[in-house]
Every structure is written in C-alpha cells, then in structure tokens.
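Reader: I would like to learn how to read aromatic contacts in a model. Please take me through them.

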Amino acid sequence: MGNETHITIDNKRFAFEPSETILDVAHRNNIFIPTLCHLKGATPTGACRICVVEVEGAPNLVASCATPAAANMVVYSESQEVITARRSIIRLMLSSGHHNCAIRDFDTKDWTQFQLKVLEVDGTQDLCPVWGECKLQDLAYRYQVKAQGLPQSESKYPMERVNPFMIRDFSRCILCGRCVQACRDIQVNNAIDFGYRGADTKIIAGTDVALKDSDCVFCGECIEVCPVGALVTEHAMKPERFVKTKKIRTTCSYCGVGCQIELSVQNNRIIQVNSAGDTPPNNGSLCVKGRFGFDFVGSPERLTSPLIRKNGKLEGATWDEALDLVANTLTQIKKDHGSDSIGMLTSARVTNEENYIAQKFTRAVLKTNNVDHCARL
Amino acid sequence: MTNTIADIETAEVILVTGSNTTENHPVLSTFIKRAALKGTTLIVIDPRRIKLAHHANTWLRPELGTDIAWINGLMHVIIKENLFDKTFVEKRCEGFEELKKTVETYTPDYVEAITGISATDITETARTFAKAKNASILYCMGITQHTTGTDNVKSLANLSMLTGNLGIPGGGVNPLRGQNNVQGACDMGGLPNVLTAYQKVDDDTARAKFEKTWGVTDLPAKPGLTATDMIEGAHSGTLKALYIVGENPMVSDPDLNHAEKAIENLDFMVVQDIFLTETAQMADVVLPAFCFAEKEGTFSNTERRVQRVRKAVEAPGFARDDWRILSEIATRMGYPMNYPNSNAIFEEMTTVTPSYAGITWERIENVGLHWPCPTVEHPGTPILHTKQFTRGKGMFHAIDHRPPAELPDKDYPFMLTTGRVLYHYHTGTMTMKSPGLNTMSPECFVEISANDAQRLGFEDGIMVDVLSRRGKIKAKLEISSKAVDGTLFIPFHFAKAAANRLTNAKVDPVAKIPEFKVCAITIRRAA
C-alpha cells in the first residue's frame with residue numbers, strides 16, 4: 001500500500017479521492033470540523049474560515065473546505081492553534097452584530113443551567129428566533145467563547161419585514177454567504193448577492209431593494225441554509241415558537257415533482273414546512289407553494305360535515321343521511337338508465353389507494369368504465 | 001418521465017418545450033438551470049419568453065399550435081445531414097422510411113413559413129440536438145393541450161428515437177406531470193380504458209384476474225367515457241349522474257359556459273372535496289374529505305417514484321378519508337368493502353398490478369421506488385426502455401402538421417394561450433387560502449406585449465374585457481416582456497375572471513384533451 005493516496009488526520013491515515021478536500025475526507029470519516037459557510041453542491045468560498053485546520057509544513061492555518069486533500073498531508077483538526085483561531089473567529093462574529101442569545105453573559109459550564117437562565121432573562125420579544133437552533137450559538141458554547149466585554153456594534157441596516165413570507169434581520173447576519181450560494185448555485189435564481197464593501201457589506205436583492213420587489217421567488221432555500229437567525233419565517237417571531245412541535249415527513253401535494261417535506265405541527269396546526277433534507281427527488285429544495293402554501297389545511301373554510309341539497313339549498317346532514325341518499329340514488333339511476341349513465345371523476349390529488357378504490361367502486365359496483373380524472377386539464 | 005429528475009443534470013443538451021418550468025415545476029427547474037449553469041446546452045422552444053428562456057443558449061418562438069412542423073423540421077435536417085443514430089433506428093425502431101418520406105417536405109424554409117422560427121435556427125438546433133452524446137426532452141401541457149396533442153407527443157418521441165436518446169442516462173422523453181398524483185391516478189386505472197398498470201378493460205384475461213380478486217362477475221369490457229365525453233354526455237342527457245372526487249371542473253374545464261349547462265342538466269351530482277368549490281356549490285350532495293396532511297397513503301410522482309404520504313394533523317369536523325367514504329357507499333349498494341386501513345388497499349392493489357407488485361410501504365419508508373418494480377427484490381426502474389420498448393420495436397409515426405381548431409380572424413384578431421403562475425395552483429382552492437400567495441398574485445391578468453398595448457393605445461394596468469366566441473371576462477392588462485406580439489396569456493386560476501370562459505372545448509381525437517393552449521380572442525377597454 002503506497003502513501004500517495006493517503007492523508008493523515010489526527011494521527012489516523014485515510015484514503016481519499018482526487019476531488020476531495022480535507023473537509024470531505026474528515027467528514028466522511030466522522031472527524032468533527034465545524035463549518036458555517038460551507039454548502040453542499042456549491043463551490044467552496046472559504047469565507048468564514050471556521051473550518052481552519054493545521055497542516056504540517058504549511059505557514060498558516062488553512063480552510064479545510066477549500067484545500068484539496070494531498071498525498072502524505074498531515075492534518076490536525078483541533079490543535080491548540082486551531083482552537084485559538086476558531087475562538088477568535090467566533091468572538092468577532094458575535095461582536096459584529098446583534099447576537100443576544102446570552103452567550104455574552106454566560107460563564108457557567110453547565111449548559112442546562114445556562115439555558116434556563118437565558119429563558120428567564122430574555123423576554124420572548126428579544127430572544128433570537130433561532131435560539132437553540134443556531135450554529136453560531138452552538139459553536140460559541142463548544143469553544144467556550146465568552147463575549148463579555150466585547151463592544152457590540154449596532155446594525156447599519158434595519159430589519160426587512162415587508163414581504164409576506166420571511167424576515168431579513170441584517171443585525172444577525174454573519175455574512176457567511178450561504179444564502180447567496182443557495183440562490184445562485186442551487187436554485188439558480190440569482191436574486192441576492194453581496195453588496196457594498198468592507199464594514200458596510202450587506203446581502204442585497206437587486207439594487208438593494210426589498211425581496212418582494214426583486215427577482216426573488218420566495219423558494220426559501222436561503223432560510224433553510226442560514227446558519228444563524230438572519231433569515232427566518234414570520235412564524236419564528238411569534239411567541240408560540242416554544243410550544244411543543246412534532247415533525248412529520250410526507251410528500252408535497254402541489255405539482256408532480258413529489259418533493260419530500262417535513263411538516264412542523266403544533267396543537268394540530270401546521271406551522272411551518274421545511275424540506276425533508278438531502279433526499280430525492282428534491283434534495284432539500286422547495287418552492288414557494290410547497291413551503292408557504294399550507295394555510296388551506298387549517299382553513300376555517302374547510303368542509304366539516306356532509307351537505308344535502310334541500311329546496312335548492314345545500315344544508316348540513318349526517319353521514320348516514322348523505323351516504324344513504326347517494327347509495328340509493330345511484331342504485332335507482334343504474335336500474336332506470338343503466339350503468340353507463342353514471343360517471344366517476346376520480347382525482348389526481350388523492351392517493352393511489354384512493355384512486356384504486358374509486359375505480360374499483362366504478363367498475364365492480366357501478367359496473368361501468370366511465371371513470372377518468374383531470375389528467376387532461 | 002422515461003428518465004428521472006436527477007438524470008436531467010447529466011444531459012449534454014436539454015430541450016424544454018411547452019413547459020413554463022420555473023413557475024409550474026419550480027424545483028424541477030432548478031435541475032435544468034443548474035445544468036445550464038454548468039455548461040449543458042439548453043434549448044427552450046416556447047411561444048412565450050418565459051423565465052427559463054433567460055437561462056437558455058437558444059430560445060425559439062413558434063406560433064401557437066405549430067409544434068409538429070418544427071419537430072418535423074428538426075428531423076428533416078437530421079436525416080438530410082445524416083446525423084441520425086443509424087444503429088438505434090435499425091435495431092430498435094420501425095417505420096423509418098415512412099417518417100423519412102413525410103419529413104422530406106419539412107425543409108427549414110417551409111417550417112419557417114409555418115412556425116415563424118427562422119430556417120437557420122431550425123438547422124442549427126437540429127445539429128446541436130443530434131450531435132449531443134445524450135439529449136433530454138422535457139415537455140408539458142404546452143405540447144399536449146392541443147387538438148394535435150397526441151401527435152405532438154408522438155413527434156417528440158420520433159425525434160428522440162431518431163437520435164438514439166431513449167433508454168440512456170441523460171436522454172428520454174419526459175412529460176412533467178402537473179398534479180401531485182396524476183401519474184398515480186393513471187397507474188391505478190383512473191382512466192376509462194384501462195385497469196391498474198394500463199391493463200386494458202377489453203382484455204379478457206386481465207378482467208378475469210380482477211373479477212377473481214374483487215369477487216365479482218361481469219366487469220364491463222367496453223371502454224368508458226373520458227372526462228370531456230362525460231360533459232358532452234351530461235349535455236346531451238345520456239349521462240344522468242356524476243360523482244366527482246377532489247376536482248373542480250367548473251373552473252378547470254374548457255368553455256365553462258357550456259360545461260355549466262351540462263352540469264345543470266345532470267339528475268344527480270355528488271362532490272367529495274375539502275372545500276365548497278365552484279363545482280361543489282352545484283352538487284346535490286357534498287361529502288367532506290381529508291386533505292393530504294390528514295391521511296396515510298402513497299403518491300406517484302412525475303418520475304414514477306412511489307412515495308409515502310403521512311398523517312400530520314387530525315381533519316376538521318366530521319370529514320373522512322376518501323376511501324372510507326367510497327367503501328361505505330359500496331357497502332350500502334350491496335358490495336361490502338371493509339379495509340382496515342389504507343395499507344391494506346395498497347397490498348390488494350399490488351396483487352393485480354404487475355408494475356407495483358414489488359413495492360411495499362415498508363420498502364418506501366425513507367426513499368421512494370420507481371415503477372416498474374415487479375418483485376420485492378427488484379430495485380425499481382429509474383430509466384425506461386433501456387433494452388426494448390413496451391411494444392418491442394419503437395414505432396416511428398409519420399405525422400403532418402395540422403393547424404389549431406381556431407385561428408385569429410378579423411373579429412378575434414389575437415391568439416390566447418393559458419397556463420398557471422408561480423404563486424397559484426390550478427383552480428386556486430388551496431393556494432388562495434394563503435394570504436402570502438394572494439399578496440404576491442392577487443388577481444387575474446392579461447399578459448400583452450408592449451407593442452400590442454401601444455398599438456391599441458392601452459396603458460399598463462387598465463381593466464380590459466376579453467372576448468372569444470364562447471364567453472367574456474374582465475381582467476387587468478399587464479404589459480410583460482414574456483409576451484410576444486399577437487399572443488396574449490391569461491392564467492386560468494381565477495374563478496372570478498375564469499380564462500376557461502374563453503377557451504375552446506375542441507379536443508384531440510385520441511387523448512380527448514382540450515385545446516386550452518390556443519384560441520382566438522379580442523380585447524377592448526372595459527367600460
């Protein structure tokens with residue numbers, strides 16, 4: 001076994017493919033290297049530098065997401081030098097914006113105590129909408145970064161809430177660029193980009209207009225990839241966000257692509273839709289209808305009981321009344337006019353099982369092949 | 001689709017026609033756009049300058065209803081320049097000589113005269129398509145919703161076979177299904193001429209198998225009425241009763257004024273739905289059903305992938321599972337149907353459905369399977385026709401161009417084409433319950449080119465009356481760079497200004513699909 005195809009990470013030797021980066025090899029072998037800007041399917045930018053590692057013989061730490069694995073390379077994923085660098089990166093990010101997740105005040109090593117304290121201290125209105133689900137917060141805790149004493153810079157840009165779907169909070173943006181990559185390389189909508197320069201840098205839509213006035217089509221891919229609380233749905237700002245939530249994976253009910261989605265449900269209401277992650281056919285992507293068009297499920301306009309037309313008007317009825325009426329009338333029409341005088345329009349909206357039953361009912365019970373659906377419409 | 005969605009990204013050339021993919025299949029469009037970004041040649045052939053055209057290397061603009069002509073034109077060049085796949089044509093196809101003879105007339109100049117696409121573009125596109133290692137064709141309702149719909153599809157199949165692009169990765173003829181389970185509804189025998197898995201109703205052996213499983217005799221052998229025929233039957237009085245599950249023909253049918261009369265003529269109509277739709281409002285009995293988030297089951301997507309649907313919430317009030325409602329009625333009509341759950345139905349279905357025979361809910365718990373999947377060991381079939389076609393050899397169909405049923409004239413000088421917008425879905429019963437989607441797309445509009453608007457002296461945003469021989473609607477005028485002179489576009493979602501009051505109910509003779517994509521109209525400033 002030659003050395004030419006092997007890399008050593010933390011004193012262990014691993015084989016690698018020619019196209020793999022240090023990060024790829026490490027993650028494939030379950031070695032932890034933190035990432036913030038890295039996005040699967042997009043070209044690595046190395047922007048955030050949180051994934052830096054030490055490479056023997058290299059003058060500086062290197063970004064593992066953008067450095068190809070090389071033969072005989074010796075890598076240390078979490079050396080003292082690496083930890084120091086990561087802590088300083090995290091500290092800078094925390095001080096660059098509005099990160100009121102209380103990481104600033106924390107000086108205990110007990111995570112649970114820390115969380116309880118935060119819940120006490122922070123009013124719901126002020127608490128970051130992604131509290132507990134923030135990669136930056138996770139990293140601050142992991143690397144025990146205390147932001148106490150660091151000056152907190154005020155955000156130059158106000159929060160944007162003028163579109164009906166999502167909130168852009170520039171004060172929490174760490175400029176990792178994942179949203180830009182998702183928009184440009186994954187969805188290819190090219191609606192957002194980095195704008196201005198230096199300390200004024202901001203993620204802008206078009207010529208720095210509101211998303212609703214830009215090329216944005218509200219697919220929400222950016223919300224899903226944002227590692228912090230800069231891009232969130234309207235729901236995330238509501239106080240109910242701490243109510244117990246269950247998550248159910250299912251298939252989207254709009255077009256024929258069949259995206260795999262995850263419904264978040266609170267008190268029998270769908271409150272959010274996310275992609276079901278990296279699984280086919282959509283591999284984590286959704287569109288505006290799939291992500292934001294779920295209100296119909298809990299709509300007050302839903303039909304809740306059978307209706308029967310009496311004296312020209314549709315009136316409420318029991319299931320027994322309605323089912324008897326349908327069964328008796330269909331039986332009578334079949335007897336009087338023959339089976340082919342009845343038609344069934346089944347539906348491209350209901351399940352396979354239900355379509356099977358609809359055509360079975362038509363053929364075995366009504367005894368006609370007059371069954372079709374809206375495939376043509 | 002003969003191929004999979006992921007497969008699109010492996011093509012060297014992608015031809016998209018009659019599909020406004022970024023609005024109607026947004027997630028699928030990301031695969032096309034990413035491919036184009038990475039260097040795949042994207043050809044968009046569409047009467048509107050749709051968003052996907054901006055990602056394309058070439059956008060060709062045919063006149064409405066001239067698809068057979070440009071496809072024949074491409075094949076003319078490919079055969080003339082000897083660019084076709086001789087091995088594939090010889091070994092796997094038949095009918096080549098007839099095809100060759102028919103497309104001989106379709107010189108680039110002749111095609112230019114019919115379609116408006118320049119002769120040079122026809123020649124160049126033919127070369128690009130034929131020279132590709134693998135080329136994928138994607139199409140949608142812009143191809144099928146014509147009186148020549150079946151022939152349009154056959155023509156695309158001709159082009160794909162001629163260039164040897166069927167049965168290979170990154171190739172194929174790929175219809176994009178517009179409804180979540182339209183593929184499944186077809187697979188399950190929700191069609192008048194076939195039982196599940198396209199087993200013909202006039203096939204005695206197939207019927208005998210179903211009779212045994214269902215415990216019945218005398219299953220009808222005569223193919224039934226299509227949806228469009230049912231409307232005609234209701235109109236003429238031969239169809240007395242109609243049972244509608246989760247559909248809203250009072251917005252989605254062509255020539256609504258005519259359809260409305262037909263429905264009124266029925267003795268009895270039952271509508272089973274989640275909302276009191278325009279159609280349900282006309283019913284004699286309305287039955288409340290579950291929506292997708294309240295039920296267990298499966299959907300089959302556009303790439304034939306069978307995937308699970310899971311219950312997330314309890315349904316409102318006294319609503320019930322669609323299959324339970326139908327089972328109850330069947331039982332009351334003297335045919336007991338007692339399924340303990342939806343999975344039991346799936347299991348029965350797989351015993352009579354060869355292409356689904358190997359699929360179980362357990363197998364698709366995490367990732368869906370592509371049918372055909374004949375046995376429980378079978379991995380599913382992502383790409384169809386790799387070794388042979390269903391009928392053995394692929395049949396070339398020699399087809400000539402035929403104009404649409406209705407063309408513009410002095411009284412109705414504009415062409416109208418219809419479709420959907422990104423923010424709404426079909427008849428809007430679901431999407432119009434979302435304030436966000438309504439904010440982004442609040443009302444119907446008539447898309448017109450800046451030239452046409454100027455010529456008529458109309459400003460952007462004014463209200464106009466749109467008239468066809470069949471009806472009239474009022475909507476807002478929207479000047480758009482998507483529109484091409486002479487052709488207007490109206491989305492059909494909005495019941496208040498239903499585009500289908502205008503459309504033509506003339507159908508394709510085989511598929512019985514209406515010509516939603518072409519009719520003649522006129523517009524005038526609304527009073």
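Reader: How many aromatic pairs does a search of the whole structure find?

Author: This is a predicted model, and the search gives 18 aromatic pairs over all chains. One of them joins Y254(A) and F296(A), an edge-to-face pair at 6.4 Å centre to centre with 70° between the planes.

Reader: Which parts of the chain does that pair link?

Author: Distant ones. Y254(A) is in the loop between β10 (246-251) and β11 (260-266) of chain A, while F296(A) is in the loop between α7 (288-292) and β13 (307-310) of chain A, 42 residues apart. Both Y254(A) and F296(A) are buried.

Reader: Why is the pair of Y254(A) and Y425(B) called edge-to-face?

Author: Planes over 60 degrees apart count as edge-to-face. The planes of Y254(A) and Y425(B) are at 70°, so this pair falls in that class; the ring centres are 5.2 Å apart. The pair crosses between chains, with Y425(B) in the loop between β14 (414-419) and α18 (435-440) of chain B.

Reader: Are Y254(A) and Y425(B) buried or exposed?

Author: The cut-off for buried is under 20% relative accessible area. Y254(A) has 4%, so Y254(A) is buried. Y425(B) has 3% and is therefore buried as well.

Reader: Which residues form one aromatic cluster with Y254(A)?

Author: F296(A), F292(B) and Y425(B) are in that cluster with Y254(A).

Reader: Where do charged side chains sit over rings?

Author: In chain A, R142(A) lies over the face of F32(A), 3.7 Å from the ring centre. In chain B, the charged end of R304(B) is over the ring of W371(B), at 5.9 Å from its centre.

Terms used: Residues numbered from 1 in each chain as written. Chains lettered and ligands numbered in written order. Predicted model: local features only at pLDDT ≥ 70, side-chain atom pairs only at ≥ 80, totals over all residues. Heavy atoms only, no water. Phe/Tyr/Trp six-rings, centres within 6.5 Å; stacked < 30°, edge-to-face > 60°. Helix = DSSP H or I, 4+ residues; strand = E, 2+ residues; numbered from the N terminus. Buried < 20%, exposed > 50% of the residue type's maximum accessible area, 1.4 Å probe, protein only. Lys NZ or Arg CZ within 6 Å of the ring centre and 35° of its normal.
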